[in-house]
Structure formats: C-alpha cells, structure tokens
Amino acid sequence: MADLIWVWDPTDDQLQHLAAPPDDIQLRWDGETVCGIEDKLWRVSWENVDNAKACVACAHKPFTLAGDHRGPP
C-alpha cells in the first residue's frame, strides 16, 4: 500500500483516519480515507497524532506511514 498520513474528516473530529496525500505539501484536499470516506480531508499535524483517536477500520489495514517531510509548518 502507498505511503499514508493521518488525516481529519471534517464531519467527525473525534477520529483520525489514514489517507494517501496528493503530494508532500498540500494540507487540505478532496480525497478518500483507507476506510472509504470520501470528503475534504486535512492533515493531522505530527504533534496531534493520537492512537486513541485512530479509526479502527483504517488502523487494521496494512499501512506504511509517509516519510518525515510533512510540508510547510
């Protein structure tokens, strides 16, 4: 599976999902999460990644997180 990052879905700010980013810089985009939600997504900043908020369906799929470059702060 492609490199993934943690993202927020604007309809549910309690769960963090995994999604493939369109590039290394974009912070918001229309996309699809691993669990199948299609919506406007935005990156979870590294300091806000929280395993307790991880979507169970996304986290159970095999994944590789994207590298250290997360774009501009």
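Contacts between residues 24 or more positions apart account for 52% of the protein's contacts with a separation of 6 or more. The model is predicted, and its chain of 73 residues has 29% of them buried. One helix and five strands are present, arranged from the N terminus as β-β-β-β-α-β.

**Strand pairing**

- Strand S1 and strand S2 (residues 12-19) pair in the antiparallel sense, with five bridges between them.
- These two strands, S1 and S2, form a hairpin in which two residues lie between them.
- Within this pairing, Val7 has His17 of S2 as its bridge partner.
- S1 also runs antiparallel to S4, to which two bridges join it.
- Trp8 stands opposite Trp42, a residue of S4.
- S3 and S4 are likewise antiparallel and pair over five bridges.
- Trp29 has Leu41 of S4 as its bridge partner.
- The hairpin of S3 and S4 has five residues between the strands, and Gly36 in this hairpin takes a positive phi near 100°.

**Nonpolar cores**

- The largest nonpolar core has nine residues in all: Leu4, Trp6, Trp8, Leu18, Val34, Val44, Ala54, Cys55 and Cys58.
- Strand S1, which spans residues 3-9, gives the most to this core, namely three residues.
- Another core, of six residues, lies apart from the largest one and includes Ile5, Ala19, Leu41 and Ala66.
- Ala54, a member of the largest core, touches Trp6, Leu15 and Gln16 when residues up to four places away in sequence are not counted.

**Aromatic residues and charge**

- Zero aromatic pairs are found in a search of the whole structure.
- In general, the description of a pair of aromatic rings rests on the distance of the centres and the angle of the planes.
- Arg28 lies over the face of Trp42, 4.7 Å from the ring centre.

**Thr33: a loop position**

- Thr33 is located in the loop between strand S3 (28-32) and strand S4 (38-43).
- Thr33 counts as buried because its relative accessible area is 4%, which is under the 20% cut-off.
- With neighbours within four places in sequence left aside, the contacts of Thr33 are Val7, His17, Leu18, Ala19, Leu41 and Cys58.
- Among these contacts of Thr33, Leu18 and Cys58 belong to the largest nonpolar core, whereas Ala19 and Leu41 belong to the six-residue core.
- Val7 and His17, which are also in contact with Thr33, are the bridge partners noted above for the pairing with S2.

**Glu38: a strand position**

- Glu38 is located in strand S4.
- Glu38 counts as exposed because its relative accessibility is 64%, which is over the 50% cut-off.
- Apart from neighbours within four places in sequence, Glu38 is in contact with Gly31 and Glu32.
- Glu38 and Asp9 are separated by 29 residues in sequence, and their C-alpha to C-alpha distance is 8.8 Å.

Methods: Residues are numbered from 1 along each chain as its sequence is written. This is a predicted model: local features need pLDDT of at least 70, side-chain atom pairs count only at pLDDT 80 or more; totals for chains, interfaces and linings use all residues. Side-chain values use heavy atoms; hydrogens and water are left out. Helices (H or I, at least four residues) and strands (E, at least two) are DSSP runs, numbered from the N terminus. Buried means under 20% relative accessible area, exposed over 50%, partly exposed in between (1.4 Å probe, protein chains only). Contact means heavy atoms within 4.5 Å. Rings of Phe, Tyr and Trp (its six-membered ring) pair if their centres lie within 6.5 Å; planes under 30 degrees apart count as stacked, over 60 as edge-to-face and the rest as tilted. A charge sits over a ring if NZ of Lys or CZ of Arg is within 6 Å of the ring centre and within 35 degrees of the ring normal. A nonpolar core is a set of buried Ala, Val, Leu, Ile, Met, Phe, Trp, Tyr and Cys residues joined through side-chain atoms within 4.5 Å. Two strands pair if DSSP finds at least two bridges between them.
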